[in-house]
Amino acid sequence: MIAHRHLLRVAFAVALGAPAAHAETLLDVYELAVQNDPQLKAAEATYRADRETEVLARSALLPRLTGQAYYQESETDAASKSTTFSGTSATVIDQHTSTDSESENYSLSLTQPLFDLPAWFSYRAGKRVSERAQAQLAYDQQQLIVRVAEAYFNVLRARENLDASKAEERAAKRQLEQTQQRFDVGLIAITDVHESRAVYDSTVAQRLGFEGALAVAKENLSTLTGQEHHNLWSLKGDFPIVLPEPADRAAWVEFALANNYQLKVANAASGSAHDMARAKRSEHLPKISGSFSYTKDDTDGSRTFDPPSTFSVPPESEYESEVVRVTLTMPLFAGGGISAGRRQAYEQYNAAKYNAQLAQRQVIAGTRAQHIAVHTAVQTVKARKLNIVSARSALDATQAGYEVGTRNVVDVLDAQRKLYAAMRDYSNARYSYVVDLLKLKLNAGTLSPADIQQLNRWLQESTAVSLKETKG
């Protein structure tokens with residue numbers, strides 16, 4: 001089964017991962033999510049439930065054997081009066097009868113459908129439901145990879161944004177202190193002090209916002225694993241940002257049309273609805289079934305008379321029966337219910353068919369969009385990295401100009417803000433690239449735990465963002 005093979009790949013990937021004593025790497029977090037994510041557990045339970053649909057539908061085509069046995073004891077007391085005439089005289093006789101009996105009954109009944117088209121098409125629909133369940137579980141397992149990676153890298157994104165914000169706050173505080181000193185000795189006007197303080201206050205508020213964003217990101221990650229995470233590993237600085245292979249967008253679309261699990265779910269649902277519609281249409285046709293039954297009944301007991309009778313017969317009997325029957329059933333009129341069910345089933349099939357068409361268009365558009373997003377992310381990461389270099393050069397030049405009096409403090413503060421904004425933009429662009437690439441593989445149906453393993457090799461113990469670390 002597709003879903004079972006995927007689960008084996010999950011287990012294999014987990015087995016190759018690092019020890020999960022403290023779940024800090026991406027692979028560790030993924031392992032915990034596989035074990036604890038409620039959404040995946042619900043998907044697995046739904047898969048197991050939907051798999052039974054095929055078994056239930058097949059049962060209508062197979063023979064049914066029913067056995068029955070019972071044991072019975074009974075006691076009967078009867079009283080009667082009789083009158084006899086002899087000449088002119090009459091004699092009244094009181095008669096009492098007591099009966100005790102024991103009965104044993106055994107029966108066996110076998111029924112086999114011989115011709116039942118509705119049951120046959122329902123069985124075919126049940127097989128499609130199983131196919132849909134397999135595809136849905138496989139998609140849910142792939143989607144878990146994206147959800148874990150997105151939540152994990154959102155924490156890293158928020159943490160690096162916070163680190164950059166803290167560094168910007170420290171720089172703004174130093175600038176405020178320097179400005180205050182220059183004002184105290186009469187080198188600058190009070191306006192520069194106010195400008196520096198306003199920027200510093202703004203960085204404090206910004207830092208508080210990033211702290212809140214980091215806390216929310218950690219809570220979202222904990223939702224998947226059921227545990228808290230405080231020391232996640234970061235993405236290495238030399239992580240390769242490359243274009244997807246193959247580079248041809250049409251090739252990705254073609255592969256997605258053949259392998260996307262959402263599309264397989266929609267197609268299986270359409271096929272199941274079509275078979276159910278044919279089953280409902282076949283309700284107008286006759287059904288033929290054969291049956292065989294065997295019954296045996298033994299009764300034994302005693303009967304007494306008071307006064308005694310010479311004609312006493314014990315209640316003893318033995319009964320045995322074998323019956324073979326062929327039954328033809330054909331609906332003649334059911335109040336319009338059969339026709340209404342047929343019309344309803346065909347409209348449900350139409351809806352499923354159009355949903356499959358919509359799913360195909362969404363897969364095409366989504367794959368193209370994700371391919372474009374990955375291409376854009378590659379170029380964006382490169383541009384953001386260059387932006388850090390130019391922003392740092394601009395800050396150095398502005399600070400030098402400020403020292404000689406050709407630039408004012410507003411220019412310096414603005415250059416600082418641009419540098420730290422560039423650092424945050426670069427960090428965000430890298431993580432957007434990773435998530436976009438995983439979503440592209442999800443659309444193509446190729447995403448697997450091996451992608452988690454590959455990403456995990458590019459992680460390292462986290463370090464705070466600083467100006468020195470981002471020098472190009």
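1. pLDDT is the predictor's confidence in each residue, from 0 to 100. This is a predicted model, in which local features need pLDDT of at least 70, side-chain atom pairs count only at pLDDT 80 or more, and totals for chains, interfaces and linings use all residues. Residues are numbered from 1 along each chain as its sequence is written, and side-chain values use heavy atoms, without hydrogens and water.

2. The protein's average pLDDT is 87, and 88% of the residues reach at least 70. Helices (H or I, at least four residues) and strands (E, at least two) are DSSP runs, numbered from the N terminus. Helix α7 (residues 261–281) has the highest confidence, at 95. Helix α1 (residues 2–16) has the lowest, at a mean of 44.

3. Residues 1–21 have pLDDT below 50, with 36 contacts (heavy atoms within 4.5 Å) beyond near neighbours in sequence. Residues 465–472 stay under 50 too, with 19 contacts beyond four places in sequence.

4. UniProt, in an unreviewed entry, lists residues 155–182 as "coiled-coil region". Its positions are given in the numbering used here, feature names are shortened, and annotations may be inferred rather than shown by experiment. In the model, residues 155–182 are 100% helix and 0% strand. The end C-alpha atoms of this stretch lie 40 Å apart.

5. Which peptide bond is cis? The one from Glu245 to Pro246, with omega near 0 degrees. Most peptide bonds are trans. Pro246 sits in the loop between β3 (234–235) and α6 (249–259).
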